[in-house]
Structures are given as C-alpha cells and as structure tokens.
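User: I would like to learn how to read a few features of a structure. Please take them one at a time, with the general idea before the case.

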Number of protein chains: 2
Amino acid sequence: MTAASPQRQLHLNLNALHSGFVPSAWRLPASDPRAFFDVQHYVRLARIAEAGKFDAIFLADNASIADQINFRPITALEPTLLLASVAAATTHIGLVATASTSYNEPYNIARRFATLDHVSGGRAGWNVVTTADAGSARNFGRAAPPEHGQRYARADEFTRLVKALWDSWEDDAFVGDKDSGRFVDTGKLQPIAHHGTFFDVQGPLNLPRSPQGHPVLFQAGGSADGRELAALHAEAVFSASQSFEESLACKREINARAEALGRGPNAVKVLPGLTTIIGATEALARQRRDELVDLIPWDYSLTRLAGTLGIPLERLSLDGQLPDNLALPANGNHTFFRATVALAQRRNLTVRALIRELAGGGGHRVVVGTPGQIADDIEHWFRHGAADGFNLMPDVLPDGLQDFVNGVVPILQRRGIFRTEYEGTTLRAHLGLQRPAGRVPAQAAA
Amino acid sequence: MTAASPQRQLHLNLNALHSGFVPSAWRLPASDPRAFFDVQHYVRLARIAEAGKFDAIFLADNASIADQINFRPITALEPTLLLASVAAATTHIGLVATASTSYNEPYNIARRFATLDHVSGGRAGWNVVTTADAGSARNFGRAAPPEHGQRYARADEFTRLVKALWDSWEDDAFVGDKDSGRFVDTGKLQPIAHHGTFFDVQGPLNLPRSPQGHPVLFQAGGSADGRELAALHAEAVFSASQSFEESLACKREINARAEALGRGPNAVKVLPGLTTIIGATEALARQRRDELVDLIPWDYSLTRLAGTLGIPLERLSLDGQLPDNLALPANGNHTFFRATVALAQRRNLTVRALIRELAGGGGHRVVVGTPGQIADDIEHWFRHGAADGFNLMPDVLPDGLQDFVNGVVPILQRRGIFRTEYEGTTLRAHLGLQRPAGRVPAQAAA
C-alpha cells in the first residue's frame, strides 16, 4: 500500500511525556508508576507510534528537578541516551530530543546528535531550547538564569556553531581505501575556526557527516526571540495554541519571519501541541477526562497554574476568574502563559473550569471526543492552514496513544491526509525536508 | 554450568577500539573500513564478548579529531549514546564509557551515566579521564589545555560531585503510591549544595538512584596524579605495563595509595591492557603480526612514536635505538611514555623492532601466540598478582575477539579462573563489587 494521493500530508509527532499528559495518568490501574524511568516504556511507545506511521517520537528535557515531584512524574532519563536505546528497537520512526543551549557545549551537542543520527540511520532531531528556570541555573554554577535576550543570543550562536560542525566533514571525506591505505581525505575536513560572543570552537568534528547531513532542527519557544530563533534555524516548531485563529497567526508569523530571512515560503512546519482524550462516545470521553482531572490534587493544579501565570497562589480561587492585568513573568514560558490566558478569556472560564479544560496541563489544547471527532478537528486545522501536523500528547501512555493509533489514524489515512506506509527511512524523508547540501568544497589552497 | 570453584576469578574487559588495536586492521580483506562509525559493528562485538562471558565492553573517547586520521580509524561515535544502543541488544555485559572531566559539566555527566545504568539494568561504568591535548582545548574555548595538576584537581572535584549527585536520591525516595497520590518522598531527596574550587552545584539530580547506586568507576591515567585519582575513586584501573614486574608494582602502588586513604586492601582492580595476536601455531601468529605491521605505513608509526615520546620525528631512525635522556613531554601520556621506553630499554630494541613489538601501537603489551600460550600468559599474571584481569585489545575486530572467545576463554574456564556463566546481571556483580550504600537518611528537620 502506498499513500493514495500526492497531496500535502499531515505530520504526527508523539510527545512521549512519561505516563501521559494528564498529571494523574500514573494513578490509573493500568499504569506503571515507574514508567518514567523505564526504557521499556519508551520502547513500547515508540513501537506503537511506529505502527501508527508517526513521523517521530519526541522527548522533552530539563536540567533540574521539577517542582511538585511529590505529585507526578518528571523528565528523568537523559533523552539522547534514551533515544539511542529506542533506536535499536525501531526501524523508521524519527527520534527527537530536547537539549539545552544554556548548559551544554556546542562541540558536545553536535557530536551527540550526529551520533544519534548515525546509530539510527538518519532519524535524529534536535529540539533547540534555552533554559530559564532558577533550579537549573544553580546546577550549573549560576546564582540565577541568564537574562532572556542573552539566552537567545547564545542559542543562536550555539546553533550556528553546531550546524557548522555538522558540515565540517564533506560528505565524501571518508575514503577507506584498503589498497592505498588512505583512510580519510583530510583536505575535505575543514576547521570552523569560530570566534564569537559566547564560544570559541576550532573544529572539525571528530566523526563523518551524518546520514541526514543535519539532524532535523526543532524549536519550541513562543516568545518573539523564540520565533526569531525558529525563523533562523528551525525546520519544525512545537507550538501551543488554544484556538484555530491563534495557530493560524502563529504559523503565518513564523513563516513570514523565515521568509524575510530568505528561507522561502513555508520553510517551517508548525506542529501545535494536542492532548487527546478519546472515548467510544463523546460522553465517555468527557467522563474519562473528568475522572482523570479528579485524580489530580487541586493543590497541584493551582500551584502549576500560578507558576504559569507568575502570580502568588493566593491570587487564584477555584471559583473565581483569572486576575486582570496579568503580565508575562520574568523567565516565564511565553507559549504557555499566552495560551492559558487566551483560553480563559475567550471562554470566560473560572479557574476550576480552566483547569478542567486544560486537563490539569500547562497550556496545550485538549480535545475530548470520539476518534471521528478528533479526526475532524485535526483535519480542519490541517486543511485550513492552522497546522502542518500535531505534537500529540495523549492523556495516558501507552493507552491513549494506542487508542489514537487504532481509532484516529485509520480515519486520517482513509481521508488521504496521512501516510499508510513510510516512504523513506529518515526523519527528513518523513517530514519532506531536503538534506542540507553541506559546505562547499574548499578551494585549492593558495 | 556454574563456576567450578569459589576461588578468585579473572576479569575480562573488551576495549572495542574500532577495527582493532593494530592501526592497519581496517585494511584486512574481511574488515569493513566503515566499522568505526557503524553501530552494528559495536553490537556485534558486544554480543561476541557477552557470549565469551566478558565482564564489560569499553569505549574510549576523545573530544577532538585525532592526528593521522588519513591513515587509520578514530573514536567517532559518542560512547555513552553508542552504549545505550548496545544495551538494547545485549543482556549481561557491562558497558563502560570514557567521559572527560575537563570539558563537561558534572550534572550532565552524572545524569548520562545514571541514565545508562537505568536503561541497561545496572551495567554502566564510567572511565574518568582528564583531557590534555591541544586540539580538544581549542574545541572548548581554550587556547591551550589546563595544566596537569589543575586537570586532576578538577577531575577529583568533578568525580566527588558526580557521586554526590548519584546519592542525592535515597534508594526508597520513589514511592508511586496510586491510592494516596504520593509520587516521590521529597524528604528523601537531598540537595548537595556544593560550592567548590571549580564548581557550584545545588542538586539534587533529576532521576531516581540507579540500579548500581553508582555506575562503576574506572580510571586509566598512569601519572602520580592519575594514580592518586584512582586511589581516591576508582574501582578498577585500565593500566599499561610491558612487564610482569611493572604491573605488579603498579597494582601494589595503586592499592597502597587506596589503603592509605582508608579504602581497605585490594580495593582497586587493576586491568592491564593486552593486545592479542592469535594463531594456530606460534609461527602463524608471528606471521599474522608481521603482515599487520607491514600494512602500517612507517611514517604513521614513526610519527605516533615520536608523539608518545614528545620528540621531533627527526630524532628517530628506524634502525637506531631510542634517543637517550628522554623526558616525559608536557601534557604527555605518562602511561604510554613509561611503558614504551621501558620496553625498548629492557630488550635493547631498535626503533623498527620496537614498533614491531608494539604492533604499531601506543604502549600496550602485545602477546603473540597460540590460544594456549596466551592463556598461560594470562594465568601467570593473574595467579601471581600482577593483574586482576585484562583490558583486552584484540589485533583485529571482530575476528581477533572471536578467536579469543573460541580459543582462549575455554582454556581459562577449564582452569577454573574464569566464569562459565554470569552469576549476576550487573557490572558490579561481575566485578565482585558492593553496591554503594548511598547517603545516610537525613535527620528529622530541626
């Protein structure tokens, strides 16, 4: 079977957030509370997503212990290692990991993602982030996180450097000719000799150019600086939009920025976050949502919401509205702040109703319904330009993912907007992205 | 089958150096020149070593491109990721990776090795090194490498920090009680609040304590500072000794240092490097050695030897002796310098004969012979206290390893000094090491 039509295709990425996107997912009878540090859990998720022909599985990351760990799982296992292990148990699905530009060295990150690309046969992606929280700063010798603009300036220089390192071997630099004994054509290795604001890196990298040339670059920050970073470097963006119109505007803005930088139209795929809560009927889906939300301690949800909004817990009451005149907190998450406030205002929700609509979550959109309803929602956003695909965040893992693959994917396939088989073996192939050409060969030495 | 006797058992570690220890190994008809960046090559090696009941597979590392890459393979794929992939394809064998304390952050390294320990079910080991070469310095913002003493002072603080981070969760801090909703007992997470010479790290780590408590600590540096670092932290040492007497002295010295630090007798396993060149007869083994050496360009071997000795190439002539009054070069490798000079002087070798005896290598001992002769050599060193086991460096991979597993391992097993089955599933179990107890529970808060 091949895809029925040459039309534009939807992209599906699994956000493999430990036991699922709803904070109480680990408490369900079928859930294993230890899943968040069990490699077999992630292998299982990747295999289900691969059976569902997803483009990729994605792992977020943190460099400090999360708040409220007394209530819910955290990002624990280091994502690039975890995905190197998942790579060995899968064959096609893309493998996307977050790694911070704030507390790593470009040479090390270039090497780790090139390695992931090699060991997976061209399936690696890097979600470029900056790290804003105070806890991470204190794990890396800083009393406080760097200021927002500095973080993004460093992220830009970091990313340019990593790309240059990935290109520091020409594609045919490796020779391996047994007869002549010539192993590498060192004339096709180029130092990058970078001397910048944040970094001095000589290069070249110490491994051959990877199957994809560059692992695919993702970005997720919703601030103006974040969108500019996306426009400069990202090939796909994990966004957060509560409404169709917000997402349409987000997608247009990022791509307009990219076009202004000379990258051509529609250079950046936009994948809004989408939490799915699936039931055989809409009523059963709503019941599932309510049961999950009722298992989340309200203290947890209120504290989390106060954190997103950057206000003291005391300013929130469950049956009141959000306070007026909210302003983005220093080092706050722009994406989640904006999406959360927009949702509450647009639908005039009480705090209790807002938390329910968010399924206890941090700002991503939640759809609750039958497989057909969810497929309709996805198709609408996709066909009318508000999304190139979705960063899927099932309520409960693996069950919510299995329900999606069993129920929603076949509908999308019948409608001709989602692949029925992989047509390539690399993440670039899944996303319809070109392999970067790499560095132009050096001129003959003077 | 179980081990025939409760006597002291030999430890075997595979140094999985790309196509093999002899620099020309990649040129043999059966070799794949691309093996050094092919994960399947390393999976194959690990499976052969696991079939041979080896304790571990080990991957060295570098943070820059090696010299003379025009002639031979290099360390390319990042070892912790590569081993995370190998973990998925194996069940028992230990997985030891080098990571530098000079160009990483303790929090990141603690996390990566704890992750490797989790994904492998307790098979991780960390070879703690400092990085002295000028090329690496220039990849990490430095014009020159840090001075020797500074590197080791940083390595000691780094290692103490990593161990403290590994202990920052008590073993029973994870609760995961579905009924109460209590996920982690945060009273059993302890910040480390380290404020030192090189680092300020708050902690705790963001993942539960790993199966081994601490991944096993290895060390490989042969300088006085290196041996002191080993005495402080290492549970096993990769050494390099050309003679029985040197190895006996090395093992005694390291363990005397460890005992002086209160670690008790024989706290540190010493595993000298051992390159094996195996033939059905001694003459065939010698012929194999000579054919391999003849495939190495002399230019390569002379340049490498000059680098080890820290002298200009012009001071070496193939048919002369080594120059007199050689002194350890600045930032040189103490281990290889000492072993190489000792071998040449003890046997009064010409440069050409020295290179042949080293099989073109960097200072490790080479044994050439039948499986029985190699087993005799191993047994002699082991029974008489010059080694707890060996860091095996077969001439050619995988063939030389397969020959060792087929030919030498059964002899060692029949002699009762090497396991016939794994008795445990962790690297600590293979090495007969206790699991570190971890931090004493915090007293009730004042």
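User: Is Arg415(B) buried, partly exposed or exposed?

Analyst: This is a predicted model, and the values are computed from it. Buried means under 20% relative accessible area, exposed means over 50%, and partly exposed lies in between. Arg415(B) has 28% relative accessibility, so it counts as partly exposed.

User: Which side chain does Arg415(B) meet in a salt bridge?

Analyst: Side chains of opposite charge can pair when their charged atoms come close. Here the partner of Arg415(B) is Glu379(B), at 2.7 Å from N to O. With a relative accessible area of 15%, Glu379(B) is buried.

User: Where do Asp319(B) and Arg352(B) lie in chain B?

Analyst: Asp319(B) is in the loop between helix H9 (298-309) and helix H10 (334-347), and Arg352(B) is in helix H11 (residues 351-357), so their pair ties together parts 33 residues apart in sequence. Their side chains form a salt bridge of 2.9 Å, N to O. Asp319(B) counts as exposed at 54% relative accessibility, whereas Arg352(B), at 30%, counts as partly exposed.

User: How many salt bridges does the structure hold over all chains?

Analyst: The count over all chains is 56. One of them joins Asp290(A) and Arg356(A), at 3.0 Å from N to O. That pair links distant parts of chain A: Asp290(A) belongs to helix H8 (residues 282-294) and Arg356(A) to helix H11 (residues 351-357), 66 residues apart. Asp290(A) is partly exposed, its relative accessible area being 27%.

User: Which residues do salt bridges that share partners join into one network?

Analyst: The network is made up of Arg289(A), Asp290(A), Asp294(A), Arg347(A), Arg356(A) and Glu357(A).

User: How many disulfides does the structure hold?

Analyst: A disulfide is a covalent bond between the sulfur atoms of two cysteines. Over all chains, the structure holds 0 disulfides. Cys250(A) is buried, with 3% relative accessible area, and Cys250(B) also counts as buried at 3%.

User: What rotation superposes chain B on chain A?

Analyst: A rotation of 180° with 0.0 Å of shift along its axis does so, with an RMSD of 0.0 Å. The two copies are thus related as by a two-fold rotation axis. In chain B, Ser85(B) has the C-alpha nearest the axis, 2.1 Å from it.

Technical notes:
Residues numbered from 1 in each chain as written. Chains lettered and ligands numbered in written order. Predicted model: local features only at pLDDT ≥ 70, side-chain atom pairs only at ≥ 80, totals over all residues. Heavy atoms only, no water. Disulfide = S-S within 2.5 Å. Buried < 20%, exposed > 50% of the residue type's maximum accessible area, 1.4 Å probe, protein only. Least-squares fit on C-alpha atoms with pLDDT ≥ 70 in both. Salt bridge = Lys/Arg side-chain N within 4 Å of Asp/Glu carboxyl O. Helix = DSSP H or I, 4+ residues; strand = E, 2+ residues; numbered from the N terminus.
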